[in-house]
Amino acid sequence: MTDLNQNTDFLYPFIEGTEHDPDSLLLDLASSARGKAEVSARLQQASLEEYEDRLRAAGAEMADRFPRGGRLYTFGNGGSSTDAATLASLFCRPVRGRAVPAWSLAADQAVVTALGNDVGFELIFSRQVIAHSRPVDMAIALSTSGNSDDLIRALTEARRRGLLTIGFAGHEGGAMSTSDDVDYCFTVHSQSIHRIQESHARLGYRLWSVVQEETQRRTTALLAAGRSDPGGNR
Amino acid sequence: MTMTQEPAALIGKDLSDDLAAASLALARKFHAGATLWVVSPQWEPHAHHVAVEFVHPVIMGKRALPSVALVDPDPVAQARVATRPGDVIIAVASAADPRVVDLMRRAPAWGAQTIWIGFGARPAAGSADHVLWVESDDPMVPATGRFVLMYHLLWELTHVCFEHPGLLTMADDGGRDCTDEVCVTCSDEGRLGEVVMAPESEVSPALVRTATGEEAVDVTLVGPVEPGDLLLVHAGAALTRLDDVTGAAS
């Protein structure tokens, strides 16, 4: 058996432990990185094109809600929970533009572990929606499968309470894409969790941009009305 | 709406080469038992995303690897305690973040390799073993998925390297540019050390941490030292101290 391996080593340079020159591997890795990045870029652009109208509509609704005291809750599991946190930061701590109240429901380890331990993991977000939310608020869930039970439950609870509900999904969209409890569902059509998350980030950024544009438009109109009607009905 | 033009390349040739080199280096370190520490003082969620990526792979059957996000208010103090020789520290941060600049220059004294992901102005040459940089000045870059793509690719390529066991056990001296005299990690003038305890008297040595562990070092040439000071150590003696701001020998 050992002899056989030695005799056929040259046929399988990448399988055996006798490979010593990293140059061809490094070339393959670099080429692979560029290829995957290109796939990601195309998927992001296709997703932006597919959902531009719906993103504009969702962003306009959000821009209506923030001035009335609306708050944004974002949530997801694993890597998507961190993407949800990045999205919340974009809304509440933007480098440019207006800041609006937003936070990630996975951010507080005391709350998440208390709920997970006491009432069950599938309720870690919906219980927070019950505690925090008013009808003017908004909920954004990110799930690459679209099926995460804890997210679906939170979206259902949010819808029941009058919140605007938005889902970012992947693969075939899962339960999120067919649920009546989701006002806007953006499904990224890919089988790769990584590529889906990258498009989620890009779509979330576009949604934020729309909210900023709509907010700016409303602010400009408000100020113009104020100028034409000094001492008006404020 | 019509957007028919080709999307701009997110990863160019140079960056893809940098990613390949960083991935192989990281795979070699993991193979030798490293833990990957992650800091992102400005964008904490990115630190958590990198850590969960390695600890809980999204692709079934891939190895779970040790990686931890360090998110204390003082990332230097946290990394100093956490890091063991042979570990890797990855930062997602701008080149101007003083906490990360400080962390990166101390890492060689702890025996840690470094990877720096960011955008905008690049860090000075030699600031980290591997620099993975988004060539854009747009301040919104951290929220657009560019960093997510970067560390996703780092994870994907690192796992490709595990399929090449023959390449995992080779020596790796890191990738810092050694083009001038301020590169202290490999020059003949000495090894980087960080003072752990000041000398108890004028004639006693200081306790100094270097990439190989803690050792007694004669500091009479450099004068009074305090914990945290960075020194160049050669043959049991400190030859010079590094400037606190620039990291250059003074």
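Student: Where in chain B is Ala235(B) placed?

Tutor: Ala235(B) sits in a loop of chain B, between β9 (230-234) and β10 (237-241). Keep in mind that this is a predicted model.

Student: Why is Ala235(B) called exposed?

Tutor: Count its neighbours. Ala235(B) has 8 other C-beta atoms within 10 Å. A residue is exposed if that count is 12 or fewer. With 8, Ala235(B) is therefore exposed.

Student: Which residue of chain A has a positive phi although it is not a glycine?

Tutor: His171(A), with a phi of about 50°. His171(A) lies in the loop that joins β4 (164-170) to α7 (174-178) of chain A.

Student: Why is His171(A) called partly exposed?

Tutor: His171(A) has 19 other C-beta atoms within 10 Å. Buried needs 20 or more, and exposed needs 12 or fewer. The count of 19 falls in between, so His171(A) is partly exposed.

Student: How do you know that α4(A) is hardly covered?

Tutor: Helix α4 of chain A spans residues 109-118. Among its 10 residues, the count of buried ones is one. Just after α4(A) comes Gly120(A), with a positive phi of about 115°.

Student: What is the make-up of chain A as a whole?

Tutor: Chain A has eight helices and five strands. From the N terminus, their order is α-α-β-α-β-α-α-β-α-β-α-β-α. Of its 234 residues, 47% count as buried. Among contacts in chain A with a separation of 6 or more, 66% join residues 24 or more positions apart.

Student: Why are α3(A) and α8(A) called roughly parallel?

Tutor: Look at the angle. The axes of α3 (residues 79-92) and α8 (residues 193-228) of chain A cross at roughly 20°. Angles under 35 degrees count as roughly parallel. The two helices, α3(A) and α8(A), are therefore roughly parallel to each other. Their axes come within 10 Å, and the crossing is right-handed.

Student: Which residues make the contact of α3(A) with α8(A)?

Tutor: From α3(A) come Gly79(A), Ser80(A), Asp83(A), Leu87(A), Leu90(A) and Phe91(A). From α8(A) come Gln197(A), His200(A), Ala201(A), Gly204(A), Tyr205(A) and Trp208(A). By class, the contact of α3(A) with α8(A) holds six nonpolar, five polar and one charged.

Student: Which residues of α1(B) and α5(B) meet?

Tutor: In α1(B) they are Leu19(B), Ala20(B), Ala22(B), Ser23(B), Leu24(B), Leu26(B) and Ala27(B). They meet Leu153(B), Leu154(B), Leu157(B), Thr158(B) and Cys161(B) of α5(B). This contact of α1(B) with α5(B) has 10 nonpolar, two polar and no charged residues.

Student: How do you know that chain B touches chain A?

Tutor: Two residues are in contact if their C-beta atoms lie within 7 Å. By that test, 37 residues of chain B are in contact with 40 residues of chain A. On the chain B side, the elements giving two or more residues are α1 (13-31), α2 (44-55) and α5 (146-161). That side of chain B divides into 23 nonpolar, 10 polar and four charged residues.

Student: What domains does the assignment give for chain B?

Tutor: Domain 1 (13-167) and domain 2 (191-241). Their C-alpha centres lie 29 Å apart. Six residues of domain 1 are in contact with eight residues of domain 2 in chain B. The domain 1 side of that contact has four nonpolar, one polar and one charged residue.

Student: How many helices and strands are there in chain B?

Tutor: Five helices and 10 strands. Of the 250 residues of chain B, 47% count as buried. Among contacts in chain B with a separation of 6 or more, residues 24 or more positions apart account for 58%.

Methods:
Residues numbered from 1 in each chain as written. Chains lettered and ligands numbered in written order. Predicted model: local features only at pLDDT ≥ 70, side-chain atom pairs only at ≥ 80, totals over all residues. Helix = DSSP H or I, 4+ residues; strand = E, 2+ residues; numbered from the N terminus. Nonpolar A, V, L, I, M, F, W, Y, C, P; charged D, E, K, R; others polar. Domains from an automatic or database assignment. Axes fitted to C-alpha atoms, helices over the stretch in contact; angles between N-to-C directions. Parallel < 35°, antiparallel > 145°, perpendicular 65-115°, else oblique. Left-handed = near helix turned anticlockwise from the far one by under 90°.
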